[in-house]
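User: I am new to reading protein models and would like to understand the words used to describe them. Could we go through one together, setting each value against its definition?

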Amino acid sequence: MQCFTSITNNYIPKARVLARTLKSHHPDWKLHLVLSEPLHPSVRPFEEPFDSIINIDELGIPNLQSWIFKHRVTEICTAVKGLAALWIIERENADRIIYFDPDIAVFNDLSHLNDLLDQHPILLAPHQSKPEHAKHSIVANEIGSLRWGVFNLGFFAARKDGQGGEFLKWWSERLSQFCYDDIPYGLFTDQRWCDLAPVFFDQLHILRDPQFDVATWNLTQRTMTMSPEGQLQIDGKPLGFYHFSGYDSEAGFQMVRHLFQDTKHPIFDVWEWYLDQIRIYGQEELGNAAWQYARFSNGAKIEDAMRKTYRERPDLETAFPNPFRVEEGKDSFYAWWQHSQLAGAAK
């Protein structure tokens with residue numbers, strides 16, 4: 001089985017936890033790391049638990065510097081997912097692929113997912129698989145899904161043939177042009193697009209099995225327990241994988257504390273274990289690493305408004321094919337922006 005995740009350097013510690021937990025249950029499954037910036041100098045590729053590290057510049061994206069500039073960091077890591085899936089399938093001569101977000105940890109055998117792919121060309125996991133009842137859960141989860149997408153694209157799986165390949169091609173094309181966090185416009189990176197997927201691809205399977213993609217957005221509907229043998233279970237089934245979304249913002253653990261007043265609930269032990277794991281695998285060293293595409297070549301910070309203006313103005317893309325570059329005495333997007341801001345302020 002070919003698997004992959006998509007990150008920047010600050011998520012390497014989390015991706016290491018994903019890799020090691022996945023390999024502990026599936027040593028023969030391959031996990032590829034797709035990296036949307038140059039590799040951090042402290043990382044030694046051949047000592048990492050990944051089967052390969054694929055840089056964004058290997059994916060054959062046209063006008064790469066221009067394309068990267070249009071995206072914020074979360075947008076770029078999601079925008080490459082469809083393209084990377086197709087690229088890995090082609091390079092590895094694979095017939096199927098699974099994606100996991102880097103902040104996922106695997107707790108048990110996932111062979112059931114492979115079995116499902118024998119029957120279905122596409123697997124997507126919804127944020128919720130049952131209706132909420134409490135008002136605060138409706139607001140946090142169901143209304144959240146209406147904003148951010150019905151499906152959580154921290155996981156997906158697809159076959160190369162038939163509708164699986166058609167889905168990956170369609171999705172990658174949409175993400176190459178419209179993978180932005182722009183909720184008023186109806187977009188939330190890669191997720192909102194997949195609201196349409198069950199309509200376009202009638203063989204798609206909605207993964208409702210409670211033990212997969214467990215996270216704060218569905219814990220109110222699922223019962224987590226610890227078996228007498230010390231195995232985490234969800235609704236009486238072994239926990240497959242847990243999604244530790246919201247670690248960096250602290251929103252994930254804050255939501256856990258909000259949902260569960262009883263600190264003896266197993267979820268607190270799960271989060272404590274995860275915090276220990278990412279510390280072991282380099283969180284203090286790499287967790288705050290700055291994205292190398294967050295600044296111009298002169299060190300000036302790239303503001304969100306700059307990225308949005310650039311992507312909305314094809315003439316700027318033509319004039320400045322590498323908008324990151326700032327060279328004294330030469331035209332640059334940075335100089336154009338400074339001039340336009342001064343001109344606007346003078347009016």
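User: What percentage of the 347 residues in the protein chain is made up of buried residues?

Analyst: This is a predicted model, and in it 53% of the 347 residues in the protein chain are buried. A residue is given that word if its relative accessible area is under 20%.

User: What makes the radius of gyration of the protein chain agree with that of a compact globule?

Analyst: For 347 residues, the rule for a compact globule gives a radius of gyration near 20 Å, and because the protein chain has 21 Å, the two agree. Along the principal axes, the C-alpha atoms fill a box of roughly 70 × 45 × 45 Å. The chain contains 14 helices and 14 strands, and of the contacts between residues at least 6 apart in sequence, 73% join residues at least 24 apart.

User: How many aromatic pairs are found in the whole structure, and why is the one between F100 and F155 called tilted?

Analyst: The search of the whole structure gives 33 aromatic pairs. For F100 and F155, the ring centres are 6.1 Å apart and the planes make an angle of 45°. The centres of a pair must lie within 6.5 Å, and an angle under 30 degrees would count as stacked while one over 60 would count as edge-to-face, so this pair is called tilted. The pair links distant parts of the chain, since F100 belongs to strand β4 (residues 96-100) and F155 to strand β7 (residues 151-159), 55 residues apart.

User: How do you know whether F100 and F155 are buried or exposed?

Analyst: F100 has a relative accessible area of 0%, and F155 also has 0%. Because the cut-off for buried is under 20%, F100 is buried and F155 is buried.

User: What makes the pair of W291 and Y293 edge-to-face?

Analyst: The centres of the W291 and Y293 rings are 5.9 Å apart, with 70° between the planes. That angle is over 60 degrees, and therefore the pair counts as edge-to-face. W291, with a relative accessible area of 10%, is buried, and Y293, at 13%, is buried as well. Both are members of one aromatic cluster, which also includes F69, F296 and Y310.

User: Why is R311 said to sit over the ring of Y180?

Analyst: The charged end of R311 is 3.7 Å from the centre of the Y180 ring. One requirement is a distance within 6 Å of the ring centre, and R311 is described as sitting over the ring. R307 likewise lies over the face of F69, at 5.5 Å from the ring centre.

User: Which residues touch the most other members of the largest nonpolar core?

Analyst: In this core of 50 residues, they are L124 and F167. Helix α7 (residues 162-178) supplies the largest share of the core, five residues. Leaving aside neighbours within four places in sequence, the contacts of L124 include F151, L153, F167 and I206. Another core, of 30 residues, lies apart from the largest one and has W29, I98, L207 and F212 among its members.

User: How do you know whether T78 is buried or exposed?

Analyst: T78 has a relative accessible area of 11%, and because buried means under 20%, T78 is buried. T78 lies in helix α3 (residues 73-79), and, not counting residues up to four places away in sequence, T78 touches L175, C179, T189 and D190.

Conventions. Residues numbered from 1 in each chain as written. Predicted model: local features only at pLDDT ≥ 70, side-chain atom pairs only at ≥ 80, totals over all residues. Heavy atoms only, no water. Phe/Tyr/Trp six-rings, centres within 6.5 Å; stacked < 30°, edge-to-face > 60°. Helix = DSSP H or I, 4+ residues; strand = E, 2+ residues; numbered from the N terminus. Buried < 20%, exposed > 50% of the residue type's maximum accessible area, 1.4 Å probe, protein only. Lys NZ or Arg CZ within 6 Å of the ring centre and 35° of its normal. Rg over C-alpha atoms; globule rule 2.2 N^0.38 Å. Contact = heavy atoms within 4.5 Å. Core = buried A, V, L, I, M, F, W, Y, C linked by side-chain atoms within 4.5 Å.
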